[in-house]
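Subject: Structure handover

Hello,

Here is the structure I promised to pass on. Please open it first, then read my notes below.

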Amino acid sequence: DPHGLTHIAGVWHVSGYDYTRRDQRTFRLDRIEDLALLDRIFAPAAPATLHRRPPQDDRTMVVRALFDAEIARWVRESRSYYAVAEEEMADGLLVTLAVRRETDVLQWLLGWGSHVQVLEPESLRALIATEASALLDHHSTSLSLLT
């Protein structure tokens with residue numbers, strides 16, 4: 001049952017009651033892969049009020065990443081949804097994130113290339129190394145196909 005539509009940081013979200021999860025949820029519209037129109041009509045009992053949900057306390061994994069000082073400005077402008085703290089350091093910007101699992105921030109971190117170093121957890125460092133190795137293999141193979 002949709003209750004509201006919001007535009008946040010250039011992305012549309014729909015919030016409402018999710019019968020599968022039996023809870024209020026918010027979904028990015030651009031991530032909805034399938035849509036079905038139902039015969040029934042939803043009529044809210046009262047006008048919806050959008051409110052900010054309290055932070056999820058299931059984000060128990062702490063990620064610390066050090067960004068090169070030269071890109072700190074852009075990191076701040078493209079702040080991750082999972083960021084909970086930032087600290088200026090002598091050698092860059094230290095960002096602390098709270099996530100459920102490593103994959104929550106994997107793509108965001110990979111997008112900064114060699115300008116970021118994950119300090120913890122070790123499991124995320126290993127995942128990034130594996131992904132970087134796969135990228136190298138993929139691109140090395142691609143180059144040999146062109147010659």
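One term comes up at once: a residue is buried if its relative accessible area is under 20%, exposed if over 50%, and partly exposed in between, using a 1.4 Å probe and protein chains only. By that rule Asp-104 is buried, because its relative accessible area is 18%.

Now the ground rules. This is a predicted model, where local features need pLDDT of at least 70, side-chain atom pairs count only at pLDDT 80 or more, and totals for chains, interfaces and linings use all residues. Residues are numbered from 1 along each chain as its sequence is written, and side-chain values use heavy atoms, with hydrogens and water left out.

The overall layout

The protein chain has three helices and seven strands. Both come from DSSP runs, numbered from the N terminus: helices are H or I with at least four residues, strands are E with at least two. Along the sequence the pattern reads β-β-β-β-α-β-β-α-β-α. Of the 147 residues, 26% count as buried.

Contact here means heavy atoms within 4.5 Å. Take the contacts with a separation of 6 or more: residues 24 or more positions apart account for 46% of them.

The sheet

Four strands form an open sheet in the order β5-β6-β4-β7, with antiparallel pairing. Its edge strands are β5 (83–89) and β7 (116–120), and each pairs on one side only. On average, neighbouring strands of this sheet are turned by 25° against each other, direction ignored. Those angles use axes, which are lines fitted to C-alpha atoms (for helices, over the stretch in contact), and run from 0 to 180 degrees between N-to-C directions.

Two strands pair if DSSP finds at least two bridges between them. In general, strands of a sheet pair through backbone hydrogen bonds, either parallel or antiparallel. Here are the pairs:

- β5 and β6 are antiparallel over six bridges. Met-89 has Gly-92 in β6 as its bridge partner.
- β4 (residues 61–67) and β6 are antiparallel over seven bridges. Val-62 stands opposite Ala-98 in β6.
- β4 and β7 are antiparallel over four bridges. Leu-66 has Gln-117 in β7 as its bridge partner.

A residue in β7

Is Val-118 buried or exposed? Val-118 is buried, because its relative accessible area is 6%. This residue sits in strand β7. Not counting residues up to four places away in sequence, Val-118 touches Arg-64, Ala-65, Leu-109, Leu-124, Arg-125 and Ile-128. Val-118 and Phe-67 are 51 residues apart along the chain, yet their C-alpha atoms are separated by 8.7 Å.

Asp-104 belongs to the loop between β6 and α2. A polar atom of the Asp-104 side chain lies 2.9 Å from the backbone nitrogen of Arg-100. Leaving out residues up to four places away in sequence, Asp-104 touches Tyr-82 and Val-99.

Glu-102 lies in the loop between β6 (92–99) and α2 (106–110).

Glu-102 does have a polar contact: its side chain and that of Ser-123 are joined at 2.4 Å. (A polar contact is a pair of N or O atoms within 3.5 Å; within protein, one must be able to donate a hydrogen and the other to accept it, and residues adjacent in sequence count only if both atoms are side-chain atoms.) With residues up to four places away in sequence not counted, Glu-102 touches Met-61, Ser-123, Leu-124 and Leu-127.

Best wishes
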